[in-house]
Amino acid sequence: MSQADGPDPFRRTPVERAKSTVVCALIGAAVTAALDEIVFHQLLGWRHFYDRSTTQVGLLSDGLLHTAEVLGLVAGFFFYADLRRRRTLAPAYAWAGFFLGAGAFQLFDGIVDHKLLRVHQIRYGVDVTPYDWAWNFAGLALLVVGVALRLRAVRRDRAGRAA
């Protein structure tokens, strides 16, 4: 790769690696929020974001969640585009960040929203235990993928610096 092509994509500074991770974590969290809202709130109609009031308040809370996820996606992709424009995106760290953000959102929703704050459950009228286990296990699996990708990227960077 010549200097005209920009910096070596395998040799990023710690700041560039951190920015790639954080920007894509934002995108991952927003994508997971969108999937949650579209599938479980709209298509299946299992719940609203806030179910401890009237249906109207539940719909309003879904609209606010949708607004937050869209803002997260727009901001995340603007930051992502800026990293690409500057040629400072660290792809391996970006993928790690995406999965870390997705898993963090999923676990936060499952533990904090469902169990601690009880703003909603996964669904109503059934035993929620298997749903809770599946929901939180999926979040944990996403986090594990993110951690594994991050560790692999760090090892690859260390091996590249040693060479």
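Visitor: Which residue just after α1 takes a positive phi?
Guide: Gly45 does, at about 65 degrees. Keep in mind that this is a predicted model.

Visitor: What phi does Arg87 have, and what makes the value stand out?
Guide: Phi of Arg87 is near 60 degrees, which is positive in a residue other than glycine. Most residues other than glycine have a negative phi. Arg87 sits in the loop between α2 and α3.

Visitor: Why does Arg87 count as partly exposed?
Guide: The relative accessibility of Arg87 is 44%. The partly exposed class lies between the buried cut-off, under 20%, and the exposed cut-off, over 50%. Therefore Arg87 counts as partly exposed.

Visitor: What is the phi of Arg118, and where is its place?
Guide: Phi of Arg118 is near 55 degrees, a positive value in a residue other than glycine. Arg118 lies in the loop between α3 and α4. Its relative accessible area is 47%, so Arg118 is partly exposed.

Visitor: How many helices and strands are there in the protein chain?
Guide: The protein chain has four helices and zero strands. Along the sequence the pattern reads α-α-α-α. The C-alpha atoms fill a box of roughly 60 × 30 × 25 Å, taken along the principal axes.

Visitor: Why are Phe40 and Trp46 called a tilted aromatic pair?
Guide: The ring centres of Phe40 and Trp46 are 5.5 Å apart, with 45 degrees between the planes. A pair needs centres within 6.5 Å; under 30 degrees is stacked and over 60 is edge-to-face, so the rest are tilted. The pair of Phe40 and Trp46 is therefore tilted. A search of the whole structure finds seven aromatic pairs.

Visitor: Are Phe40 and Trp46 buried or partly exposed?
Guide: Phe40 has 19% relative accessibility, so Phe40 counts as buried. Trp46 has 22%, so Trp46 counts as partly exposed. The cut-off for buried is under 20%.

Visitor: What makes the pair of Trp46 and Tyr131 edge-to-face?
Guide: The planes of Trp46 and Tyr131 stand at 85 degrees, and the centres are 5.5 Å apart. Planes over 60 degrees apart count as edge-to-face. Trp46 lies in the loop between α1 and α2 and Tyr131 in helix α4, so this pair ties together parts that are 85 residues apart in sequence. Tyr131 has 26% relative accessibility and so counts as partly exposed.

Visitor: Which residues form one aromatic cluster?
Guide: Phe40, Trp46, Tyr131 and Trp135 do.

Visitor: How do you know that the charged end of Arg123 sits over the ring of Trp46?
Guide: The charged end of Arg123 is 4.3 Å from the centre of the Trp46 ring. The distance cut-off is within 6 Å, and the charge must also be within 35 degrees of the ring normal. Arg123 is placed over the ring. Likewise, the charged end of Arg47 sits over the ring of Trp135, 5.0 Å from its centre.

Visitor: What lines the largest pocket?
Guide: The lining residues include Cys24, Ile27, Phe77, Tyr80, Trp95 and Phe98. The pocket holds about 160 Å³ of space. α1, α2 and α3 each give two or more residues to the lining. The largest share, four residues, comes from α3.

Visitor: What makes Gly146 a buried residue?
Guide: Its relative accessibility is 0%, so Gly146 counts as buried. Gly146 is in helix α4.

Visitor: Why is Ala148 called partly exposed?
Guide: Ala148 has a relative accessible area of 42%, so Ala148 is partly exposed. Ala148 is also in helix α4. Its C-alpha is separated by 19 Å from that of Glu16, 132 residues away along the chain.

Visitor: How many residues does the protein chain have, and what share is buried?
Guide: The protein chain has 163 residues, and buried residues make up 36% of them.

Note on methods
Residues are numbered from 1 along each chain as its sequence is written. This is a predicted model: local features need pLDDT of at least 70, side-chain atom pairs count only at pLDDT 80 or more; totals for chains, interfaces and linings use all residues. Side-chain values use heavy atoms; hydrogens and water are left out. Rings of Phe, Tyr and Trp (its six-membered ring) pair if their centres lie within 6.5 Å; planes under 30 degrees apart count as stacked, over 60 as edge-to-face and the rest as tilted. Buried means under 20% relative accessible area, exposed over 50%, partly exposed in between (1.4 Å probe, protein chains only). On a 1 Å grid over the protein atoms alone, a cavity is a set of points where a 1.4 Å probe fits but cannot get out, and a pocket is an open set with protein on both sides within 12 Å along at least five of seven lines; lining residues have an atom within 4 Å of a point. Grid points are joined across faces, edges and corners, and a volume is the space filled by probe spheres set on the points.
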